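User: I would like to go through this entry label by label, asking each time what the label rests on. Please set each value against its definition before you conclude.

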Amino acid sequence: MSERWWQRSVVYQVYPRSFQDSNGDGIGDLKGITSRLPYIAELGADVIWLSPVYQSPNDDNGYDISDYQAIMEEFGTMEDFDEMLAEAHRLGLHIVMDLVVNHSSDEHHWFVESRKSKDNPYRDYYIWRDPKDGGAPNNLGSCFGGTAWEYDEASGQYYLHLFSKKQPDLNWENEKVRDEIFTMMDWWMQKGIDGFRMDVISLISKDQSFPDYEPDASGFGNHRECANGPREHEFLREMNRRVLSKYDCITVGECPGVGIEEAKEYANIDGSELSMVFEFDHVSVDVDPDLGRYGKVVPLDLPKLKSILSSWQTGLQGKAWNSLFWENHDQPRVVSRWGSDATEEFREKSAKMLGTCLHMLQGTPYVFQGEELGMTNYPWTSADEIVDCESKGNYLHFVKEGILPEAEAFDVLRQQTRDNARTPMQWDASEMAGFTTGTPWRPVHPNHTTVNAETELADPNSVFHYYQKLIALRKQYDIITNGSFELLEADHPDLFVYTRTLGDEKLLTVCSFSGKPVAWKMPAAFAAAETLISNYGEIRTDAEELRPYEAYVLRIAE
Ligand code: ISL
Ligand code: CA
C-alpha cells in the first residue's frame, strides 16, 4: 500500500461555537473561523475538522441537525461557508465536515412527518416500536441519562434515541434513508469539502430484535451495546462505493464500542470503508467500570494507558490506520487530566510532554483548539454553571437516584464535564480573551491573561511553538508516519518510553508523567543520538534521572 496524503497530516479540530465570534453576539461563527485560518496554517496543521455548522435547534450544540444542507443561523450563511472553504484551500488547509447521521434533530422535516402517523411515508425513516409488556421495547439507556425510548401518545409507539430525545435515531435499514444520506454527502463533496468525521458511526446498524442488554451503573443497557451491529460494514461499504470512493477524501469514524479487531475493518488500509477511526479505549482508562465517566474519576494508571495505546499501535500496524487524540469537544483538557495545571511551570512542561507522547506515535494526530496553547479545565464552583447536556444529565441522574452524594457527584462533574473543552478559545489577554466583544456563551477561563495565543506566538518557548515543531517533525521524518512501534518499560509507573524503527533509523521517545524527578538512565545506544525535540532545552545525556514532566525524542540513523 503506498502512503496516503492524510497519513502524514495533522488535523486541527475547530468547535465553531467557542472558536471566534465576529459580530459580538458571544457565539463563535464562520466569519470568525475564516479570520483565524492563518493561525491554524501557522501552527502547521493541514486539515481542519469542523464540528457541526448545520441548521440545528442546538439541543446538543449542533449534533442535532434539522437541515443537513443549510448553515446554522448563528454561525452565518452558506456564502460565509463558501468563503471559509475557499480561503482554507488557498492556505493549503483541507476542510473535514462533521457528519451526524446516526440521528437527526426531532425538528428535521423527516421526523416532523414521521411522528405524524404510523402510515406517514417518513414513518420508517426512524426507529419506531410497539411497547413491550406495557413499557419501553428494551432496556437501552440514552447516553445522556434515562431510557433511550420516548413514548408517543398519539400513535402508541416508542421511538429510539441513543442520545437526547431531540435526537431520534435514523433507520439505516430503510434504503430511502441511505439514499438521502449518500445524496447529501455527495452534495457536500461536490461543493469541494475534503472529507467527513462521522459521528458515532459505529452505532448505525442496530440488532432489529432489540434484545435487553446487561445493565450498567445507570441501570440501563449502554448505548455502546449497539456498536458493530449486523449490517454495520455492509452500510459503510455501500457508502464507500456510492460516495467516498469517487473522491480523494479523508474520513474518520467516531467509533465508541469498537475494539482493535473491528477497527481493522472500519479503517482497513485497502480503503474499502473509512480512512481511520477514533477509538475510546485510551480515554476510558480513568473511567470507573461500574459508575462510568460521570460517576467516579479513577487516578491515571500509566501502565494501563501504555498497554492500551501500545496494543492499538501494534494491532493496526500495516493493516489499518488509526487517529491519535487526547482531546476533543467531548473530553476534559488533557493537561488538567493527565498532566498538571498546579503551577505555570508544570502546566507548560506537562502540556509539551503530553504532546510529545502522542505525536511520535503512528497514526494521524488531532489537535483540539486550545490544546496547542496548553489550555486547562475551567475552575467550576457549582453544578449550576454547567450547561452540557451529557454531563449535566448524568449528574442529575446520580443525585436524584441517590447513587452519589451531591458533593461527590459535583467533584466528578467539574473534572469530566464536556464544558471544559467548550470555554472560549484564548486569543489574547483582553477581558474576553479576544473571543468576543460581547458576552461569551460560556465563561472565559481566568488564566487567559497568561495562557493565550498572542502571548504564546511571541514566546519561542511556548507550548504553541512546541506543537508547531512536533507537527513540522512529522512532515520532515518518514519514520514518524511509517516506523514500527515498540513499547519499552511497559510496567514503569511514571515513564512512557517507546521506539519507532524504519530500516536503519530509530527514534526513542521518553516521557515522564511525574511531577517529581524519576530515576532513568538513557540507553547506551542513544548516547550519541541527535535530539529532535525536548521540553527542557538541553537534555542531560549522562544524568541519572528525568526532571518533572521531562520529555524528549532522540534519533539515530546508522
Ligand atoms: O460515552 C461517551 C462519551 O461520554 C461516548 O461513547 C459517546 O458515545 C460519544 O462521545 C458520542 O459523541 C458524539 O455524539 C454525540 C455528541 O453529543 C458528541 O458531541 C459527539 O462527539 C451525539 O451526537
Ligand atoms: Ca457570532
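User: Which residues line the largest cavity, and what makes a space a cavity rather than a pocket?

Analyst: The largest cavity is lined by Trp 520, Met 522, Ile 539, Arg 540, Thr 541, Ala 543, Glu 545, Leu 546, Glu 550 and Tyr 552. On a 1 Å grid over the protein atoms alone, a cavity is a set of points where a 1.4 Å probe fits but cannot get out, whereas a pocket is an open set with protein on both sides within 12 Å along at least five of seven lines; lining residues have an atom within 4 Å of a point. About 70 Å³ of space lies in this cavity, and the whole structure holds 5 cavities of 30 Å³ or more. Such a volume is the space filled by probe spheres set on the grid points, which are joined across faces, edges and corners.

This is a predicted model, in which local features need pLDDT of at least 70 and side-chain atom pairs count only at pLDDT 80 or more, while totals for chains, interfaces and linings use all residues. Residues are numbered from 1 along each chain as its sequence is written, chains are lettered from A and ligands numbered from 1 in the order in which they are written, and side-chain values use heavy atoms, with hydrogens and water left out.

User: How much space lies in the largest pocket, and which residues are closest to its centre?

Analyst: The largest pocket holds about 900 Å³ of space. Its lining has 44 residues, of which Cys 143, Asn 222, His 223, Arg 224 and Arg 293 are the closest to the centre. At least two lining residues come from each of β12 (287-288), β13 (292-297) and α10 (389-400); helices (H or I, at least four residues) and strands (E, at least two) are DSSP runs, numbered from the N terminus.

User: Arg 224 also lies over a ring; which ring is that, and at what distance?

Analyst: Arg 224 lies over the face of Phe 280, at 5.2 Å from the ring centre. The label requires CZ of Arg, or NZ of Lys, to be within 6 Å of the ring centre and within 35 degrees of the ring normal. Lys 349 carries this label too, with its charged end over the ring of Tyr 536 and 4.6 Å from the centre.

User: Why is the pair of Phe 19 and Trp 427 given its particular class?

Analyst: Rings of Phe, Tyr and Trp (its six-membered ring) pair if their centres lie within 6.5 Å, and planes under 30 degrees apart count as stacked, over 60 as edge-to-face and the rest as tilted. The centres of Phe 19 and Trp 427 are 5.1 Å apart and their planes stand at 75 degrees, so the pair is edge-to-face. The partners are 408 residues apart, Phe 19 in the loop between β1 (11-14) and α1 (30-43), and Trp 427 in the loop between α11 (406-416) and α12 (453-458).

User: Are Phe 19 and Trp 427 buried or exposed?

Analyst: Buried means under 20% relative accessible area, exposed over 50%, and partly exposed in between (1.4 Å probe, protein chains only). With 0%, Phe 19 is therefore buried, and Trp 427, at 3%, counts as buried as well.

Phe 346 and Tyr 549 form another edge-to-face pair, 5.2 Å centre to centre with 75 degrees between the planes. Here Phe 346 counts as partly exposed because its value is 23%, whereas Tyr 549, at 7%, counts as buried. Phi of Tyr 549 is near 55 degrees, a positive value in a residue other than glycine.

User: What makes an atom a donor, and which protein donors does the calcium ion (ligand 2) have?

Analyst: Donors are N, O and S atoms within 2.8 Å of the metal (3.2 Å for Na, K and Ca), and since water is not among the atoms, sites may look incomplete. Asp 21 (OD), Asn 23 (OD1), Asp 25 (OD), Ile 27 (O) and Asp 29 (OD) lie 2.3 to 2.4 Å from the calcium ion (ligand 2) and are its protein donors. Their spacing in sequence is D-x1-N-x1-D-x1-I-x1-D.

User: How many residues does the largest nonpolar core have, and what makes a set of residues a core?

Analyst: A nonpolar core is a set of buried Ala, Val, Leu, Ile, Met, Phe, Trp, Tyr and Cys residues joined through side-chain atoms within 4.5 Å. The largest has 130 residues, and those with the most contacts inside it are Tyr 12, Ile 40, Phe 81, Met 185, Trp 188 and Phe 196. Another core, of 16 residues, lies apart from it and includes Tyr 158, Leu 162, Val 200 and Leu 203.
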